[in-house]
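Here are my notes on the strands and the charged pairs. Please read them alongside the model.

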Amino acid sequence: MKKPRKNWLEWVIFAVSLLLVLGMAGVLVWESFSLGKKEADPEMELGPSAAHGDYFAVPATVVNRGDGTAASVQLEVLLKLPGRETEKGEFQLQYLPRHATRHAWVTFRHDPREGKLEPRVLGYQKP
């Protein structure tokens, strides 16, 4: 009994599949060797506040500049108003991958433009 011969379409599909599998393996090997040793390094930047009814919202951008992942990232923003008590806003990011950026909002009762905002990373876990 004769073996059926593969036609050109089967060979093309085989070649494309082989290239995809080898390419993916190459990417995984490259990632494992290029991974740096720097621990997670979350930093927070604040944008301009916006009024939302009876509160003010400030956009926060959190960037992980490190090579490690951070979990349960605790962040706080202090609003220091002249002649008033300091107001505090807090939020948490569950997961912050290496070299990733996350966006969040922190809210205040008073207008942040009347005082000074101080962002701070309180802590995080290594997953």
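1. Start with Glu 114, which is partly exposed at a relative accessible area of 45%. Keep in mind that this is a predicted model. Glu 114 forms a salt bridge with Arg 84, the closest N and O atoms being 3.7 Å apart. This pair links distant parts of the chain, 30 residues apart. Arg 84 lies in the loop between E4 and E5, and Glu 114 in the loop between strand E6 (101–108) and E7. Arg 84 is also partly exposed, with a relative accessible area of 44%.

2. The sheet comes next. Three strands form an open sheet in the order E5-E4-E7, with antiparallel pairing. Strand E5 (87–96) and strand E7 (116–125) are the edge strands, and each pairs on one side only. From one strand to the next, the twist averages 20 degrees.

3. Strand E4 (residues 70–80) pairs with E5 over nine bridges, in the antiparallel sense. Gln 74 stands opposite Gln 92 in E5.

4. Now the other charged pairs. The structure holds twelve salt bridges. Lys 116 and Glu 118 meet through their side chains in one of them, at 3.9 Å, N to O. Lys 116 is exposed, with a relative accessible area of 52%. Glu 118 counts as partly exposed, at 26% relative accessibility.

5. Lys 38 forms a salt bridge with Asp 41, with the closest N and O atoms 3.8 Å apart. Lys 38 is partly exposed at a relative accessible area of 45%. Asp 41 counts as partly exposed at 25% relative accessibility.

6. Finally, which residues are linked in a network of salt bridges? They are Glu 76, Lys 88, Glu 90 and Arg 120.

Key
Residues are numbered from 1 along each chain as its sequence is written. This is a predicted model: local features need pLDDT of at least 70, side-chain atom pairs count only at pLDDT 80 or more; totals for chains, interfaces and linings use all residues. Side-chain values use heavy atoms; hydrogens and water are left out. Two strands pair if DSSP finds at least two bridges between them. Helices (H or I, at least four residues) and strands (E, at least two) are DSSP runs, numbered from the N terminus. Axes are lines fitted to C-alpha atoms, for helices over the stretch in contact, and angles run from 0 to 180 degrees between N-to-C directions. A salt bridge is a side-chain nitrogen of Lys or Arg within 4 Å of a carboxyl oxygen of Asp or Glu. Buried means under 20% relative accessible area, exposed over 50%, partly exposed in between (1.4 Å probe, protein chains only).
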